[in-house]
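Subject: Structure handover

Hi,

Here is the structure I said I would pass on. Have a look at it first, and my notes follow below.

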Amino acid sequence: MSTDSFTNYTPTGFIPLLIQYAKQKGIFSLFDFLDLKRKEVKYSHLDMVKTWIMAIACGCSYTKDINYVLKPYPGTANLLGLDSFPEQSNCNRFLRTFTFHNLVELDYIFNQIARLLYPCEIIPVYDIDCTGLIANGKTYEFNKKGYFPKRRGERGYQLMLGHADNYILSFFLDSGNTNPGARFWDSYYTICENFGPENIKMIRGDSIHGSGPNMEELMKLDQTFVLRGYDSRTAKNFSKNIPEYKWVDFDNNTKIYDIGWQKISSCKYPLKIVLQKIYKPKKKKIIYRSLCLNIKGLYDDECLWLYNGRVSIESLIETEKNGLHITKLKSRGYIANQVFLYLAFITHNLITSFRNEVLSQIGLENNGIKDITRRLMNIPAKIGKNNKLYFPEAHPMIKQMFKN
């Protein structure tokens, strides 16, 4: 047994390609807006940003993983203009350097990068949803008991995400006791400011956003939307006098009925309402729900298919939790965790754009974020002359590349 410097080897062969793509897009120049009160001795602010993006992109679930996945391999660092990678402790301190003022700067950078990477001027569907991040330790700042599905009594945070075409275009992190729908208008006006309200063709969300006041305001703004109704009792009341034969089968356990344009409480405008009668076989009971929208000319099943497209943001949230490990918060500090999430979602958008523009040309466009962070980014490579990368020919993803 013997040791080697491994200067001509990288265990994360696709990371340099991702960073090169980010350079070509001009992403890193935007971080010049950061005005951190931190001494730049061996590593600049940008060096730390690059390290965090790489750590997230290659699936480091904990900060300490940086010491094992990146730090021992100077070859990768050299490809990025560094002598070596910073250690875990330096990376943690970097997150804790940020102040609330720096968060404003980072928010500006995030929005600029989102606009830069999002491939279209028009957003056909803007999905809004919320998820819980569990953080039970007493030393987590601002963690509170709140609504966490199937995790009653837990403490943590509420994370609101705004999403379109697999890109995350807004997010908000709040204490766990925050109403999950509280950031609806913050998310909406963020996207309007960045892309223009005339370019937001439709808003889609679940029942936490489907209140009468929300829909009345959207009607005033002439904003197209499809939202699930906030109160299931409204759907049940509308369903009382509908004969059984008028309900239309949608799937095995769901029947639907379009009651046309109706008024609901706290909304002075009539809305198109499609009722759902859903049988829950395990609980042996029927529940009622309503879809509320302001789109003319759709049949009842078309309305439901349109709403069911929300599965994209639900799968995206699952991807963020499992692919980028955002549930493993990197600090006990609230600001530091916000910084980590900004970097994680910048990484997500970068990978998504990289997949659409680069990986699609080599037959890897169908790989999800989880596959990319856990498999593709971690394909090892040898570093040859002029920093040329050589990948293992037996790896199935490499075979797929050369097959195409």
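This is a predicted model: local features need pLDDT of at least 70, side-chain atom pairs count only at pLDDT 80 or more; totals for chains, interfaces and linings use all residues.

Leaving out neighbours within four places in sequence, S170 is in contact (heavy atoms within 4.5 Å) with F110, Y126, M160, L161, G162, S187 and T190. Residues are numbered from 1 along each chain as its sequence is written, and side-chain values use heavy atoms, with hydrogens and water left out.

Back to S170, which sits in strand β5, residues 167-175. (Helices, H or I, of at least four residues and strands, E, of at least two are DSSP runs, numbered from the N terminus.) S170 counts as buried because its relative accessibility is 2%; buried means under 20% relative accessible area, exposed over 50% and partly exposed in between, with a 1.4 Å probe and protein chains only. Two of its partners are also joined to S170 by side-chain polar contacts: Y126 at 2.7 Å and S187 at 3.0 Å. A polar contact here is a pair of N or O atoms within 3.5 Å; within protein, one must be able to donate a hydrogen and the other to accept it, and residues adjacent in sequence count only if both atoms are side-chain atoms.

Next, helix α6 (residues 100-117), where you will find L106. With a relative accessible area of 1%, L106 is buried. Not counting residues up to four places away in sequence, L106 touches F31, L34, F98, V339 and Y342. From L106 to D174 it is 68 residues in sequence and 17 Å in space, C-alpha to C-alpha.

D174 turns up again in the lining of the largest cavity, along with C130, Q158, M160, F172, T178, N179, P180 and R183. Of the elements, β4 (155-164) and β5 each give two or more residues to that lining. The volume of this cavity is about 30 Å³, and the whole structure has one cavity of 30 Å³ or more. On a 1 Å grid over the protein atoms alone, a cavity is a set of points where a 1.4 Å probe fits but cannot get out, and a pocket is an open set with protein on both sides within 12 Å along at least five of seven lines; lining residues have an atom within 4 Å of a point. Grid points are joined across faces, edges and corners, and a volume is the space filled by probe spheres set on the points.

What about pockets? The largest pocket has a volume of about 1,300 Å³. Its lining has 31 residues, and Y147, P149, D206, R289 and E314 lie nearest its centre. At least two lining residues come from each of β2 (126-134), β11 (285-293), α10 (300-308) and α11 (311-323).

Then there is helix α8 (residues 212-220), whose buried residues are G212, N214, M215, E216 and L218. Their cover includes α7 (184-195), β7 (225-228), β10 (271-280) and β11. After α8 comes D222, with a positive phi near 60°.

C303 is buried at 0% relative accessibility, and C267 is buried at 5%.

Cheers
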